[in-house]
Amino acid sequence: MNEVIRCEWTGMSAPLYIAYHDEEWGRPVRGNDKVFERVSLEAFQSGLSWLTILRKRDNFRKAFDDFSIPKVAAYTEQDVDRLLADEGIVRNRAKIEATIANARAALEVPGGLSELVWRHADPDSPVPKSMADVPAITPGSKALAKELKSYGFRFVGPTTAYALMQAIGLVNDHIADCVVRIPTGH
């Protein structure tokens with residue numbers, strides 16, 4: 001019987017985690033609002049388990065108007081209070097305020113957020129043999145974080161930027177033997 005090999009971070013236990021790995025992680029995500037959602041969720045994940053964010057993702061989408069950049073950019077202090085009272089999301093004032101500030105910053109990005117982020121794609125990154133070969137920070141993630149910060153984005157350091165790059169397909173960090181390794185040139 002052949003064993004199914006997946007990237008070790010899935011833990012092979014939570015069905016939600018496995019589905020995310022198999023169906024989403026590392027697959028190209030484009031579009032300003034979709035990329036904004038991922039930037040936002042990566043920021044909320046900082047210091048927490050990604051599984052926590054996945055379990056709350058539908059609540060985040062509802063609470064943040066499906067991460068519509070113009071809608072979130074128009075949020076007021078009353079919206080901050082509403083979000084702080086929402087038990088379905090991570091209730092962290094700094095991260096909520098950063099998400100709103102990031103939406104406002106995204107409106108100012110020439111060509112849009114998706115175009116900015118995708119300029120940092122690295123489809124030729126080395127194929128990791130194991131998760132030990134996967135970096136936490138790369139020159140590309142440092143450059144992406146720096147560019148996002150130049151527009152006023154918050155909670156987008158190089159580690160968070162690299163997690164974003166992995167999640168939306170800018171790099172392909174599925175290990176070499178992973179059952180869902182996406183072919184180079186995706």
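Predicted model: local features only at pLDDT ≥ 70, side-chain atom pairs only at ≥ 80, totals over all residues.
Residues are numbered from 1 along each chain as its sequence is written, and side-chain values use heavy atoms, with hydrogens and water left out.

Asp 173 sits in the segment after helix 9 (158-167); helices (H or I, at least four residues) are DSSP runs, numbered from the N terminus. Does it count as buried or exposed, and what is the nearest side chain of opposite charge? Asp 173 is buried but has no salt bridge, and that nearest side chain, Arg 181, is 6.0 Å away. Buried means under 20% relative accessible area, exposed over 50%, and partly exposed in between (1.4 Å probe, protein chains only). A salt bridge needs a side-chain nitrogen of Lys or Arg within 4 Å of a carboxyl oxygen of Asp or Glu. For charge, Lys and Arg count as positive and Asp and Glu as negative; His and the chain ends are not counted.

Leaving aside neighbours within four places in sequence, the contacts of Asp 173 (heavy atoms within 4.5 Å) include Cys 7, Trp 25, Pro 128 and Met 131.

## Salt bridges

The structure holds 10 salt bridges. One of them pairs Glu 24 with Arg 57, with the closest N and O atoms 2.8 Å apart. Glu 24 is in the loop between helix 1 (15-23) and helix 2 (32-45) and Arg 57 is in helix 3, so the pair ties together parts 33 residues apart in sequence. Arg 57 counts as buried, at 11% relative accessibility. Beyond four places in sequence, Arg 38 touches residues including Tyr 20, Val 29, Leu 164 and Ile 168.

Arg 93 and Glu 77 form another salt bridge (3.1 Å, N to O). Arg 93 lies in helix 6 and Glu 77 in helix 5, so this pair ties together parts 16 residues apart in sequence. Arg 93 is partly exposed at 37% relative accessibility, and Glu 77 is partly exposed at 46%.

## Helix 5 and its packing

In helix 5 (residues 77-84), the buried residues are Asp 79, Val 80 and Leu 83. Seen down the helix axis, they fall within an arc of 105°, so they line one face of the helix; the arc is that of the directions from the helix axis to the C-beta atoms. These residues pack against helix 3 (50-63) and helix 6 (93-107).

## The nonpolar core

A nonpolar core is a set of buried Ala, Val, Leu, Ile, Met, Phe, Trp, Tyr and Cys residues joined through side-chain atoms within 4.5 Å. The largest one has 54 residues, and those touching the most other members are Phe 60, Phe 64, Leu 113, Val 117, Phe 153 and Ile 168. Helix 3 supplies the largest share of this core, six residues. Val 117 has contacts with Val 35, Leu 144, Leu 164, Ile 168 and Leu 170, leaving aside neighbours within four places in sequence.

Definitions and conventions
Helix = DSSP H or I, 4+ residues; strand = E, 2+ residues; numbered from the N terminus.
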